[in-house]
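This briefing is meant for a reader meeting the structure for the first time. Please keep the sequence and the three-dimensional view at hand while reading the points below.

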Amino acid sequence: MLAVPAGLIADTSVQAQPFTPRPAVPAADAGIHKIKHVIVIMQENRSFDSYFGTYRGADGIPKGVCLPNPRSSHCVRPFPDHRDQNMNEPHGESGSDGDIDGGRMNGFVIQAVKQGCKPKKPCHQDVMGYHAGSDIPNYWDYAKDYVLNDHMFESVRSWSGPAHLYEVSGWSALCRVPSDPMTCKSALYPAEQAHAHPTPYGWTDITWLLHKDHVSWGFYLDQGARSKKNPGGVWNFWNELPGFTDVHQDRQLGNIRPMRSFLDDARKGTLPAVSWIQPDPRDSEHAPALISTGMAFVARIVNAVMRSPDWKSSAIFLTWDDWGGFYDNVVPPRADAMGYGIRVPALVISPYARKGFVDHQQLSFDAYLKFIEDDFLGGARINPMNDGRPDARPDVREDSPVLGDLVRDFNFGQKPREPLPLDPCPNTTLRPRPKPGCTDDTALHLDTWGDS
């Protein structure tokens with residue numbers, strides 16, 4: 001075990017604290033309209049247990065967990081992992097199905113060895129490692145000061161590409177003729193944007209409804225979009241909106257902006273009603289990117305909102321796009337044939353957020369769409385029956401009976417709470433010790449990262 005600096009205590013307990021499931025939530029009331037600005041930040045590739053598995057009151061790592069290892073007669077127990085840089089573990093469709101293993105949740109080490117280790121070579125998988133609160137103090141402080149969602153599931157049982165499509169559209173599909181939304185069919189491995197087919201996503205995304213109802217939105221890219229001239233920018237499968245045909249039809253490509261525009265908007269108090277934040281690889285926490293660098297990126301965004309004139313009417317939803325192959329103990333519920341996927345961390349930060357509340361509702365990224373629709377669109381859904389743009393989606397995810405309601409995480413009767421900005425680069429138990437400012441000057445490229 002790594003040494004812990006003076007004044008910081010690493011939580012090495014893996015016994016989950018008791019929690020009490022809550023009843024179903026009522027429909028949104030008028031209080032939701034106190035939120036004038038919704039900001040969705042989606043980081044990369046962490047399971048709930050890998051970040052909050054020892055958080056008191058959450059549905060965390062059970063006592064006695066030990067998973068089979070095909071390379072040894074000994075099983076592997078969860079262990080505290082203070083490394084700032086983790087490995088990239090299997091997290092595609094096969095990794096998800098193998099990890100879940102029919103609901104036994106015991107295939108994580110097997111999949112890591114099967115897909116990530118070479119015969120007769122050293123194998124140092126870290127799927128059973130978890131980070132203590134002293135490793136990621138800002139994230140735990142957000143949980144203590146605001147709301148932690150401990151049953152947020154990836155919307156789809158697969159990798160980043162479809163997860164990000166669900167983030168803005170509630171579906172992932174392959175379209176035989178993208179100009180005809182009725183030719184789209186559900187797909188865990190959708191087409192990627194490319195020079196030869198720049199708009200492969202023919203179905204409807206939420207910006208269609210926002211634009212129709214004159215609701216402002218912005219999609220902000222950390223360091224811009226990736227290109228040959230900008231290899232460090234946001235990859236196209238995290239930057240999905242330019243690939244939707246309706247964004248082009250609406251002539252809304254100008255709403256896809258660099259991150260500096262978000263910071264300027266926050267400073268001036270001119271944030272749009274809905275903002276999505278997409279990190280570049282370096283800031284994403286996607287292994288092998290540094291945790292400290294990603295946490296600093298998030299804190300700077302949150303601080304910018306907290307210092308903005310718009311803070312008192314804002315809600316920040318922070319989550320991670322998929323589990324990254326890391327262990328989690330909770331069996332995902334079934335919404336439909338596409339998901340849900342494995343559980344991920346999620347936080348709600350707002351002047352109206354309940355303080356220190358652990359929300360045990362079943363949620364997915366569809367809950368963000370539902371909140372936006374209830375707040376700004378009068379409860380309208382991305383629904384081919386009535387949204388004015390029919391597509392072939394098999395169901396309306398925002399209306400799934402297994403989906404909770406994020407309104408529960410707010411107390412709209414309370415006086416708006418004062419902001420609590422955090423040091424983007426706090427003292428941690430991460431090793432090696434992060435550089436000043438928690439910057440990462442290592443050039444990171446996804447070409448060798450595998451499923452992302």
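Predicted model: local features only at pLDDT ≥ 70, side-chain atom pairs only at ≥ 80, totals over all residues.

The side chains of histidine 286 and asparagine 45 are joined by a polar contact of 3.2 Å.

- Histidine 286 is located in the loop that runs between strand S10 (274-278) and helix H9 (291-306). With a relative accessibility of 0%, histidine 286 counts as buried, because buried residues are those under 20%.
- Asparagine 45 belongs to the loop between strand S1 (37-43) and helix H1 (48-52). Its relative accessibility is 2%, so asparagine 45 also counts as buried.
- The phi angle of asparagine 45 is near 60°, which is a positive value in a residue other than glycine.
- Histidine 91 sits in the loop between strand S2 (79-80) and helix H2. At 0% relative accessibility, histidine 91 is classed as buried.

**The protein as a whole**

- The protein contains 10 helices and 15 strands. Its radius of gyration is 21 Å, close to the 22 Å given by the globule rule for 452 residues, so the protein is as compact as a globular protein of that length.
- The C-alpha trace spans about 60 × 50 × 50 Å along its principal axes.
- Of the 452 residues, 62% count as buried.
- Among contacts between residues at least 6 apart in sequence, 83% join residues that are at least 24 apart.
- The accessible surface of the protein amounts to about 17400 Å², and 54% of this surface belongs to carbon and sulfur atoms.
- There are 46 positive and 55 negative side chains in the protein, and the centres of these two sets lie 3 Å apart.

- How many of the 11 residues of helix H10 (residues 366-376) are buried? The count is 11 of the 11, and helix H10 is therefore largely enclosed by the rest of the structure.
- The buried residues of H10 include the charged-type residues Asp366, Lys370, Glu373, Asp374 and Asp375. Also buried in H10 are Ala367, Tyr368, Leu369, Phe371, Ile372 and Phe376.
- Glycine 378, which follows H10, has a positive phi near 65°.
- In helix H2 (residues 93-100), the buried residues are Gly95, Ser96, Gly98, Asp99 and Ile100. Helix H3 (108-116) is included in what covers the buried residues of H2.

**Backbone details**

- Most residues other than glycine have a negative phi, and most peptide bonds are trans. The next points describe exceptions.
- The peptide bond from alanine 287 to proline 288 is cis, and its omega is near 10°. Proline 288 lies in the loop between S10 and H9, and histidine 286 is found in the loop between these elements as well.
- A cis peptide bond also leads from arginine 431 to proline 432, with omega near -5°. Proline 432 is part of the segment after H10.
- Glutamine 223 is not a glycine, yet its phi is positive, at about 65°. This residue is placed in the loop between strand S8 (217-221) and helix H7 (245-249).
- Is glutamine 223 buried or exposed? Its relative accessibility is 52%, and because exposed means over 50%, glutamine 223 counts as exposed.

**A loop residue and a separation across the chain**

- Alanine 337 is found in the loop between strand S11 (314-320) and strand S12 (343-344). At 48% relative accessibility, alanine 337 counts as partly exposed.
- Alanine 337 and proline 394 are 57 residues apart along the chain, and their C-alpha atoms are separated by 9.6 Å.

Terms used:
Residues numbered from 1 in each chain as written. Heavy atoms only, no water. Helix = DSSP H or I, 4+ residues; strand = E, 2+ residues; numbered from the N terminus. Buried < 20%, exposed > 50% of the residue type's maximum accessible area, 1.4 Å probe, protein only. Polar contact = N/O pair within 3.5 Å; in protein donor to acceptor, adjacent residues only side chain to side chain. Rg over C-alpha atoms; globule rule 2.2 N^0.38 Å. Contact = heavy atoms within 4.5 Å. Areas by Shrake-Rupley, 256 points an atom, 1.4 Å probe, with all protein chains shown as cover. Charge placed at Lys NZ, Arg CZ, Asp CG, Glu CD.
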